[in-house]
Amino acid sequence: GWAALGATMLVSLGGFLRLLNRRAPVEPPTIFRAGRPEDYHPGTVSDRFLDDWRVYLVRDEDRLYALYAKCSHLGCTPRWQNAGHRFRCPCHGSGFHRNGVNFEGPAPTPLQRARVWTDRQGDLLVDVGVRFDEAAWDREGAFLPLVPPERVS
């Protein structure tokens, strides 16, 4: 009887220790590759990564940024309306300009931006785990500065 109890305790202890020493990461990855900056043309909004990463990639003339598509009202996913050149939240009608600034509806603040940068090979990387509020949109990582094609020498 004591041997069976000892074996049960030993197996339980082994299972508990294995639980504490998990090999799989606890947090899912937050960084993804988004191609190359030249894949995005000035004046466009790409929803290529919306389903997997909840991100819109927006290209202006001289910069590229990643808008995290979570409405600041209740967390729904705003949809890009190409005809109106704006984002519109389907839940309660909040509207956001192309740069993420809220202009109508109950959303109290603009959309957040995810960190963007390029690696040594020139590939675009986005980290949805690092986000910038409007007050930090001018900080490094909140956008990727680009040289317009006509200025390249």
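A nonpolar core is a set of buried Ala, Val, Leu, Ile, Met, Phe, Trp, Tyr and Cys residues joined through side-chain atoms within 4.5 Å. Buried means under 20% relative accessible area, exposed over 50%, and partly exposed in between, using a 1.4 Å probe and protein chains only.

The model you see is predicted, so local features need pLDDT of at least 70 and side-chain atom pairs count only at pLDDT 80 or more, while totals for chains, interfaces and linings use all residues. Residues are numbered from 1 along each chain as its sequence is written, and side-chain values use heavy atoms, leaving out hydrogens and water.

**The cores**

Let's start inside. The largest nonpolar core has 21 residues, and Val 45, Tyr 56, Leu 67, Phe 87 and Phe 96 have the most contacts inside it. Two or more residues come from each of strand 3 (55-59) and strand 4 (63-68). Strands (E, at least two residues) and helices (H or I, at least four) are DSSP runs, numbered from the N terminus. Apart from this core lies another one of 16 residues, including Phe 32, Phe 49, Val 116 and Leu 124.

**Tyr 56 and the rings**

Now pick out Tyr 56. Leaving aside residues up to four places away in sequence, Tyr 56 touches, among others, Val 45, Leu 67, Trp 80 and Phe 87; a contact means heavy atoms within 4.5 Å. Tyr 56 counts as buried because its relative accessibility is 2%, and Phe 87 is buried at 0%.

The whole structure holds 4 aromatic pairs. Rings of Phe, Tyr and Trp (its six-membered ring) pair if their centres lie within 6.5 Å; planes under 30 degrees apart are stacked, over 60 edge-to-face, and the rest tilted. Tyr 56 and Phe 87 are a tilted pair, because their centres are 4.7 Å apart and their planes stand at 55°. This pair links strand 3 to strand 6 (residues 86-88), across 31 residues of chain. Elsewhere, Phe 32, Phe 49 and Trp 53 form one aromatic cluster.

Charges can also sit over rings, if NZ of Lys or CZ of Arg is within 6 Å of the ring centre and within 35 degrees of the ring normal:

| Charged residue | Ring | Distance to ring centre |
|---|---|---|
| Arg 63 | Phe 143 | 3.8 Å |
| Arg 113 | Trp 137 | 4.0 Å |

**Strand 10 and its partners**

Strands pair if DSSP finds at least two bridges between them. Strand 10 (residues 124-132) runs antiparallel to strand 1 (residues 31-33), joined by 3 bridges. Strand 10 also pairs with strand 9 (residues 112-118) in the antiparallel sense, over 6 bridges. Val 126 in strand 10 is the bridge partner of Phe 32 and stands opposite Val 116.
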